[in-house]
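Notebook open, viewer on the other screen.

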Amino acid sequence: MTPPRPPHDRGLVRPYVVTEGRAHPTRNTLDVVALVTAVHDRPLKGLSPEKRRVIELCRPGALSVAEVAGHLTLPMSVTKVLLSDLVDSGHVHVRPPVPKAQLPDARFLQEVLDGLRSRF
């Protein structure tokens, strides 16, 4: 009896096969913390097994790009190619992360602090 393969061992399927030979996504805007959600009314016919798996993973709710890669046990670059294809075909939506809030000006914070101190 042969021991089970670890999850990171994809067997004979190489990453360039999964991406149909492409090394770069059609869009370079996929941040690792962007949230991916599946569109429920899109047909799955013609999608690769990996793309179908992405849809299955994201149907119950949003997952980050990093989480999708982890569940697929695929490199981030391969996952981004798959996701960009699915965005292009309308099967998933990707919501970019909320931009970091700009910190208020230090002078303004000092004025607020001084105002609070003068009242108490």
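**Entry 1: starting from an aspartate**

For my own reference, buried means under 20% relative accessible area, exposed over 50%, and partly exposed lies in between (1.4 Å probe, protein chains only). The side chain of aspartate 105 meets that of arginine 107 in a salt bridge, with 3.6 Å from N to O. The cut-off I used for a salt bridge is a side-chain nitrogen of Lys or Arg within 4 Å of a carboxyl oxygen of Asp or Glu. Arginine 107 has a relative accessible area of 59%, so arginine 107 is exposed.

Before going on, a note on the ground rules. This is a predicted model, with local features needing pLDDT of at least 70 and side-chain atom pairs counting only at pLDDT 80 or more, while totals for chains, interfaces and linings use all residues. Residues are numbered from 1 along each chain as its sequence is written, and side-chain values use heavy atoms, with hydrogens and water left out.

**Entry 2: the other salt bridges**

How many salt bridges does a search of the whole structure find? It finds three. Next on my list was the pair of arginine 53 and glutamate 56, whose side chains form a salt bridge at 3.7 Å, N to O. Both residues are in helix α2, three residues apart, or about one turn of the helix. (Helices are DSSP runs of H or I with at least four residues, strands are runs of E with at least two, and both are numbered from the N terminus.) Arginine 53 has 36% relative accessibility and so counts as partly exposed. Glutamate 56, at 48%, also counts as partly exposed.

Then I went to lysine 51 and aspartate 85, where the closest N and O atoms of the salt bridge are 3.2 Å apart. Why does this pair tie together separate parts of the chain? Aspartate 85 is in helix α4 (residues 76–88) and lysine 51 in helix α2 (residues 49–58), so the parts being tied are 34 residues apart in sequence. Are the two partners buried or exposed? Both aspartate 85 and lysine 51 are buried. For lysine 51 the relative accessible area is 12%. Leaving out residues up to four places away in sequence, lysine 51 touches Leu82, Asp85 and Leu86; contact here means heavy atoms within 4.5 Å.

**Entry 3: α2 against α4**

Two packed helices are described by the angle between their axes and the distance between the axes. I get axes of α2 and α4 that come within 10 Å and cross at roughly 75 degrees. The axes are lines fitted to C-alpha atoms, for helices over the stretch in contact, and angles run from 0 to 180 degrees between N-to-C directions. The two helices are therefore roughly perpendicular to each other; under 35 degrees counts as roughly parallel, over 145 as roughly antiparallel, 65 to 115 as roughly perpendicular and the rest as oblique.

Which residues meet there? On the α2 side I listed Glu50, Lys51, Val54 and Ile55, and on the α4 side Leu82, Leu83, Asp85 and Leu86. By class, this contact has five nonpolar, no polar and three charged residues. (Ala, Val, Leu, Ile, Met, Phe, Trp, Tyr, Cys and Pro count as nonpolar; Asp, Glu, Lys and Arg as charged; the others, Gly among them, as polar.)

I checked leucine 72 in helix α3 and found a relative accessible area of 6%, so leucine 72 is buried. Leucine 72 and glutamate 50 are 22 residues apart in sequence, yet 7.5 Å apart in space, C-alpha to C-alpha.

Threonine 73 sits in the loop between α3 (65–72) and α4. Its phi is near 50 degrees, a positive value in a residue other than glycine. Most residues other than glycine have a negative phi. Threonine 73 is partly exposed at 28% relative accessible area.

Threonine 79 in helix α4 has 0% relative accessibility and so counts as buried. Beyond its neighbours within four places in sequence, threonine 79 is in contact with Val65, Val68, Ala69, Leu72 and Leu74.

**Entry 4: whole chain**

The chain has five helices and three strands, in the order α-β-α-β-α-α-β-α. Of its 120 residues, 28% count as buried. Among contacts with a separation of 6 or more, 70% are between residues 24 or more positions apart.
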